[in-house]
Every structure is written in C-alpha cells, then in structure tokens.
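Visitor: Hi! Could you walk me through how some of the helices pack here?
Guide: Happy to, let's have a look together.
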Amino acid sequence: MHSMTLYQKLAWSFIFIFSLLCALVFNWSKQLEQSAQDHAQQNLHLQLAEHLVNDNPLIKQGVYDYKALENLFHTLMILGPAFEFYFVDSTGKLLTYSAKPGQVIKQKINLVPIKELINKTSTTPIYGDDPRSNTQKIFSAAPVYNQQQLQGYLYVIIGGQTFDTLLNNIKSNDILKIGAIGFVVAVITLLIIMLILFRFFTLPLTQLNNEICQIRAANYSLTKMTQSPRYSGNNEIGNLSKGVHGMLSRIDEQLKSLQQADKQRRELLTHLSHDLRTPLASLHGFIEVIKKPKSHLNEHEKQHYLSLAMDNCQQLKLLIEQIFELAHLESGQVKINTETFNLGELIYDCLAKLALTAQKAGITLQVIPEICDFTVTTDIAKLERILTNLIENAIRHTPEKGTVSISVSQQSEQLYVTVSDTGIGIHEDELHAIFEPHYQARNSIKRGTSGLGLAICKHLLTLMDSNIEVKSTLGKGSQFRFNLSK
C-alpha cells in the first residue's frame, strides 16, 4: 500500500480544517445573529408587560377573575400572535395563560430571570423558561400587586410557538433554499480553487522528489542521468534543487578524486614493493654467499660482499624513511615552524653534507652569487630537506665532470632559489608528472634512490605556501626553481 503524497496530505488536511472552520463560523454567525435578534426584540418589547398591567383594569388592581383574564390573554394573542401571555404567582406557579389546554408542559417557572429583568440587574438579552417547551426564550415581565401586596407577575413570552412555526416556514422558502445552495456552491468553488493552488505550490516539491528518486536509482551518479536540475525556478525549491545537484556534483568529483587517489596509491605500492624487493633480494643474496659454509671466500671478498650488503641496507633504510615521510606529509598533520635565518649559510651547509658524494661522482658544486647574503623567514628544517633532495637528485642525474649550481635571485619581496645541473635532462612530455610519487622518468638514473624525493619536495613547498617549477632540455640539464618570502 502506497503512502499518501505530500499534496494528498495537505489537501485532506486543508479540507478537514476548512470544513471545521466553515462549521464553526456558520454556527458562531447563527448564534450571533440570534443573540442580536433577541436583544433587539426584548428591548423593543421590554415595557410590554408593564403597559398591560397599568392599562388593564383586570390586572391593575389585582387579579380576581382568572377566567376573564384567560379570555383577555386569548384576545391579546389573536392581536399579537408572536406573544404568549402567562400570569404566575409570587412562587412562579402558573395561574392562568393564553395557551390551549394540554399545550403547557410546565406548571412552574424560575423567577430569577424575571426579577433580573424587572430590577435591571443584567443586560439583555435575558432568557426565561418557556412553559410550552424545555427551551429558554426572551420575555417581558411586570409585577402585579393587590393592595400593595405582590400577587404575582405578568409573564409575556416574545416569539412564541406560533411565531417560531411561521419563521421556520419562511426559512424553508425556495428563496432561502436557493441562497443556501448558492452559499454551498461558493464554498465548494473556493475549496476547489484552494486545492488547485495547493497543487500548483506543491508540484515543484513533487518534481524534486521524483528527481531525488531518479538520483537514488542512478546510485547517486550524475553520469547516469541529466546533468542539470529539472526544476530550476527562482524560489526556495529551485534553490534546493540546484543545491542538491551542486552537492551531488561535488560528491561525484570527490568520488572520482578518491578513485584516482586509490589508483595512484595502488600504483605507488606496486612501485614501492618493486623498489623494496630489489635491495632485499640483493641483501639476502650477499648474506647467503657470505654465510655459505663451504664457500672459499678470502677476507677481501667477504669485506666486498659485506660492503655491498651495507649499501643495500642503507638504500632500504632510505626508502623506508622516505615512505614514512611522504605518508606523514599526505596525512596533513605536518606543521610549519617559521624562523628568520640566513639563506646562504643554509645552502653552504647542505653543500658541505653532499660534497663527498659530489667529489666521488666527479661533479662540481657552486653557489651563485658566491657571497649569498639573503635573509628569509620560513621553516629551516623543511627548507634544508628540500635543498638536500634537489641537490641529491641533480648529482644523481649529472655525469662526471658536470656541474650542479644553486643560484638565488631577488624579485620584489620574493627570493627565487634555482637548483640547476648539466645532466641528462627530462623528456618534455614527462615534466608534468615527475612530482608524482609513483613516477619514474624513462631516463632516470637510480643510484640508491626511490624516486620519492621530488614528491616530498612538492609537498613541503606546498605547506610553505611556495610553488616549484621545472625546466629541462634533454641532454643538457634541468632547472628546479621555487620561491621564498623574505
């Protein structure tokens, strides 16, 4: 069983509330109309009983002949059929009246409303007992005295049963029926118009709901459905639809980015496993040769194999350290600790650490300008790591008798550091990819390296709000240039 739609819920709720309000308003208006009519009628005939008492000799000096009084009431009722006349004693008991025998069902009435009307202690309309029914009606009343002694009250019902019967007949007239039908038709027309308006206002929500259902059916992928929202009105629902599509588009982009990152991670693990396997296999082979019980290795050969094993251990250690360093950088938990220092001193310190490596490779190291007196404010430890990686990379890809230069230039408030070499260079179509951690250039020279150095430099410079650029000419060398704030 399908649940009701939003429009159906709103429509049924509106019909119920509208019908309830119509009934309440109709009932309230009828009560207000009746109260206003009773107020006017009672005020109009308020002195009727008093005039009858004062002007009629049968009542003025006291009531002695009840039969004559009953005939007077009949006469008055014929002249004024909207009135019913009663004479009650001081306790409220009916003594005589204008009604026919058998029509009066009460022989005693409550005198409290009569006294309220005579003493004017309450505002009109005041309702009293109707002896011919169990209802309350408006009335006129006046006291009747006999020799200064209260004998009873003349009680006149305003709008008796004859008047009510005539009024009901009028209300059932065709004109009133037509008016009532017209009112009902107007109410139904208004209801239909409101339902149409409800439909108009809820239609965008229905369209948005259908669109969300399609998105869910497409497994929240924009590539499997339309790229633009079906409802794009300039209102809250239109903005919601655009927001949903924008959010979905952003999620789609992030999902593709995660998929690409996962792909790169798998490729990186593949390359790293290969890089780890190579030194491990070499290390294992050298140790097996040395440990072999029947090997006829002299001391010089053993030392040679041990030296090769140590080189592989060092290469393995360096690779593991770089893997941890790259993972730490990519986690986003690395903080920058800035301080002010002399850039030239740091460059010469880095060259001093690598001087022996460059000497063994037959490579000349130089600083331009030779007296490099520049002051910078940045993270000295991370900058040292960047310079070391770039210089090591330059030494590794530069042949014997080549040169590795570190030059510093100033432009406005920026310092530019360039590490250049006269090495083998990089193919132009590979320049955009050399900073990827899994990438190795086709002509890359591996001398105990993992190929992660440039990726680490890129991450560190990004953290320092700097950017690195590379230019290279195949067979002539490469230049890595990055900026620093003074």
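Guide: A term to start with: contact means heavy atoms within 4.5 Å. Helices (H or I, at least four residues) and strands (E, at least two) are DSSP runs, numbered from the N terminus. This is a predicted model, where local features need pLDDT of at least 70, side-chain atom pairs count only at pLDDT 80 or more, and totals for chains, interfaces and linings use all residues. Residues are numbered from 1 along each chain as its sequence is written, and side-chain values use heavy atoms, with hydrogens and water left out.

Visitor: Thanks! Which residues meet between α11 and α12?
Guide: From α11 there are K382, R385, I386, N389, L390 and N393, and they meet G453, L454, I456, C457, L460 and L461 of α12. That contact divides into 7 nonpolar, 3 polar and 2 charged residues. Here Ala, Val, Leu, Ile, Met, Phe, Trp, Tyr, Cys and Pro count as nonpolar, Asp, Glu, Lys and Arg as charged, and the others, Gly among them, as polar.

Visitor: And at what angle do the axes of α11 and α12 cross?
Guide: At roughly 150°, and the axes come within 9 Å. Axes are lines fitted to C-alpha atoms, for helices over the stretch in contact, and angles run from 0 to 180 degrees between N-to-C directions. The pair is therefore roughly antiparallel, the word for angles over 145 degrees.

Visitor: What about α10 and α11, how far apart are their axes?
Guide: Those axes are 10 Å apart, with a packing angle of about 40° between α10 (residues 343–361) and α11 (residues 380–396). Among the residues making the contact are L343, C350 and L354 of α10 and I380, L387 and I395 of α11. The contact's residues divide into 12 nonpolar, 2 polar and 3 charged.

Visitor: Is C350 buried or exposed?
Guide: C350 counts as buried because its relative accessibility is 0%; buried means under 20% relative accessible area, exposed over 50%, partly exposed in between (1.4 Å probe, protein chains only). C457 is also at 0% and counts as buried.

Visitor: How many disulfides does the structure hold?
Guide: It holds 0 disulfides, a disulfide being a pair of cysteine sulfur atoms within 2.5 Å.

Visitor: Changing topic, where is E400?
Guide: E400 lies in the loop between α11 and β9 (403–411). E400 is exposed, with a relative accessible area of 61%. Leaving aside residues up to four places away in sequence, E400 touches A361 and G362.

How values were computed. Angles under 35 degrees count as roughly parallel, over 145 as roughly antiparallel, 65 to 115 as roughly perpendicular and the rest as oblique.
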